[in-house]
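Here's a quick briefing to read alongside the model. Have the sequence and the 3D view open as you go through it.

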Amino acid sequence: KPGEEKQPKEPSPLQCMHLAVVACGDRLEETLIMLKSAVLFSNRRLCFHIFAEDSLKPEFEKKLKEWPSSYTKKFESNIYPITFSVGNAQEWKKLFKPCAAQRLFLPVILKDVDSLLYVDTDVLFLRPIDDLWHLLREFNSTQLAAMAPEHEIPKIGWYSRFARHPYYGSTGVNSGVMLMNLTRIRSTHFKNSLIPGGLTWEEMLYPLYQKYKNYITWGDQDLLNIIFYFNPECLYVFPCQWNYRPDHCMYGSNCRGAEEDGVSILHGNRGVYHDDKQPTFRALYEVIRDFPFEDNLFQSLYYPLQSKFLDTVHTLCGRIPQVFLKQIEKTMKKVYENRVIVYLGANHRY
């Protein structure tokens with residue numbers, strides 16, 4: 001109707017959901033487990049964009065080909081070298097974690113991709129990516145990216161207590177899970193602290209880094225916080241259950257969305273999948289890592305997970321197992337319902 005904003009079309013089931021990750025150093029296994037969790041539960045086809053050091057490329061290709069055909073047909077993968085279009089490449093590569101700054105350059109590199117979900121290697125999907133992908137349709141006319149808050153409570157937040165640079169909102173945002181409309185990012189001129197007029201994304205990155213490099217602690221995440229501090233209308237903030245980290249339970253439960261609906265995306269930052277500090281996070285990682293693709297999900301994934309959780313009840317995170325188990329149980333039930341419907345439908349034809 002005249003005067004009404006045109007709503008975006010519902011995406012076709014045949015279109016890819018684009019997922020990007022950056023892997024350097026010893027992050028091969030962690031990345032593969034993340035991709036495995038994505039494929040296990042997603043409904044629509046996935047397009048993986050893996051940015052990796054040259055030495056890791058053959059291993060990624062080999063390992064992904066070893067997956068059963070029933071799963072490899074659910075995705076396609078592209079592997080790219082680590083590249084930075086502006087500034088000093090070595091400087092970018094060493095910023096915070098190795099190669100993490102690559103995510104800042106995704107709108108420039110993936111010119112033919114309209115929308116994209118970027119995740120860190122230490123992320124696990126406990127429900128279909130489809131459900132997060134649908135949030136793209138909730139963006140208003142100015143929003144072009146979505147992230148979760150860095151903290152729920154400002155008085156214990158890192159940014160609110162220690163940051164020496166501008167940051168988004170009252171607690172900052174965490175960039176480990178970032179949903180992006182790349183088309184909008186490429187076409188927007190961003191307000192900034194460098195010049196009175198707007199700058200494109202690519203024009204802004206290196207000068208912004210040069211201005212704030214002596215004040216940033218968390219590398220590219222700090223740069224994103226600075227960008228959205230000056231452009232808050234461009235950011236959609238999604239709830240904490242889509243980027244659930246140890247901070248949400250290690251001081252007591254402080255993510256209401258996860259308490260109500262369960263964790264949707266687990267983010268095991270600070271290496272908690274590989275040490276004994278947060279056994280609940282490690283339990284989920286190990287069970288998904290060890291799950292044989294073609295096995296029964298409840299028998300070989302959910303029940304071992306319940307068993308492992310019994311050993312974590314002495315920790316603050318382990319005292320709230322329902323937060324970790326609720327969504328993954330719901331997701332597995334849906335997977336089975338879909339398979340039963342397909343099976344019955346196939347038999348019905350005969």
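**Helix against helix**

Helix H1 (residues 28–41) packs on helix H12 (residues 279–290) at an angle of about 75 degrees, and their axes are 10 Å apart. Angles of 65 to 115 degrees count as roughly perpendicular, so that's what H1 and H12 are to each other. Bear in mind that this is a predicted model.

- On the H1 side, the contact is made by Glu 29, Glu 30, Ile 33, Lys 36, Ser 37 and Leu 40.
- H12 brings Tyr 285, Ile 288, Arg 289 and Asp 290 to that contact.
- By residue type, the contact of H1 with H12 splits into four nonpolar, one polar and five charged.

**The sheet**

- Seven strands make up an open sheet with mixed pairing, in the order E3-E2-E1-E4-E7-E6-E8.
- Strand E3 (75–80) and strand E8 (235–237) are the edge strands, each pairing on one side only.
- From one strand to the next, the twist averages 25 degrees.
- Strand E2 (residues 46–52) runs parallel to E3, and six bridges join the two. Phe 51, for instance, has Tyr 80 of E3 as its bridge partner.
- H1 turns up here too: it packs on the sheet and touches E1, E2, E3 and E4, with its direction at about 165 degrees to that of E1.
- E1 and E4 run parallel and are joined by two bridges. Leu 19 has Leu 117 in E4 as its bridge partner.

- E4 and strand E7 (residues 173–181) run antiparallel, with five bridges joining them.
- Within E7, Met 178 is the bridge partner of Tyr 118, and Leu 179 is the bridge partner of Leu 117.
- E7 is largely enclosed by the rest of the structure, because nine of its nine residues are buried.
- Strand E6 (residues 145–149) is joined to E7 by four bridges, and these strands run antiparallel. Ala 148 has Asn 174 of E7 as its bridge partner.

- His 18 sits in strand E1 (residues 17–23).
- Is His 18 buried or exposed? Its relative accessibility is 18%, so His 18 counts as buried.
- The side chains of His 18 and His 49 make a polar contact (2.9 Å).
- Beyond its neighbours within four places in sequence, His 18 is in contact with Cys 47, His 49, Val 113, Ser 115, Leu 116, Leu 117 and Trp 133.

**H10 across the sheet**

- Helix H10 (residues 220–230) lies across E6, E7 and E8 and runs at about 65 degrees to E7.
- Why call H10 largely enclosed by the rest of the structure? Because nine of its eleven residues are buried.
- The buried ones are Asp 220, Gln 221, Asp 222, Leu 223, Leu 224, Asn 225, Ile 226, Ile 227 and Phe 228.
- Those buried residues pack against helix H4 (89–93), E6, helix H7 (158–162), E7, helix H9 (201–212) and E8.

**Leu 182**

- Leu 182 belongs to helix H8 (residues 182–187).
- With 0% relative accessibility, Leu 182 counts as buried.
- Leaving out neighbours within four places in sequence, Leu 182 is in contact with Leu 106, Pro 107, Leu 110, Val 113, Asp 114, Ser 115 and Leu 116.
- Leu 182 and Asp 220 are 38 residues apart along the chain, and 17 Å separates their C-alpha atoms.

Note on methods
Residues are numbered from 1 along each chain as its sequence is written. This is a predicted model: local features need pLDDT of at least 70, side-chain atom pairs count only at pLDDT 80 or more; totals for chains, interfaces and linings use all residues. Side-chain values use heavy atoms; hydrogens and water are left out. Buried means under 20% relative accessible area, exposed over 50%, partly exposed in between (1.4 Å probe, protein chains only). A polar contact is a pair of N or O atoms within 3.5 Å; within protein, one must be able to donate a hydrogen and the other to accept it, and residues adjacent in sequence count only if both atoms are side-chain atoms. Contact means heavy atoms within 4.5 Å. Two strands pair if DSSP finds at least two bridges between them. Axes are lines fitted to C-alpha atoms, for helices over the stretch in contact, and angles run from 0 to 180 degrees between N-to-C directions. Angles under 35 degrees count as roughly parallel, over 145 as roughly antiparallel, 65 to 115 as roughly perpendicular and the rest as oblique. Ala, Val, Leu, Ile, Met, Phe, Trp, Tyr, Cys and Pro count as nonpolar, Asp, Glu, Lys and Arg as charged, and the others, Gly among them, as polar.
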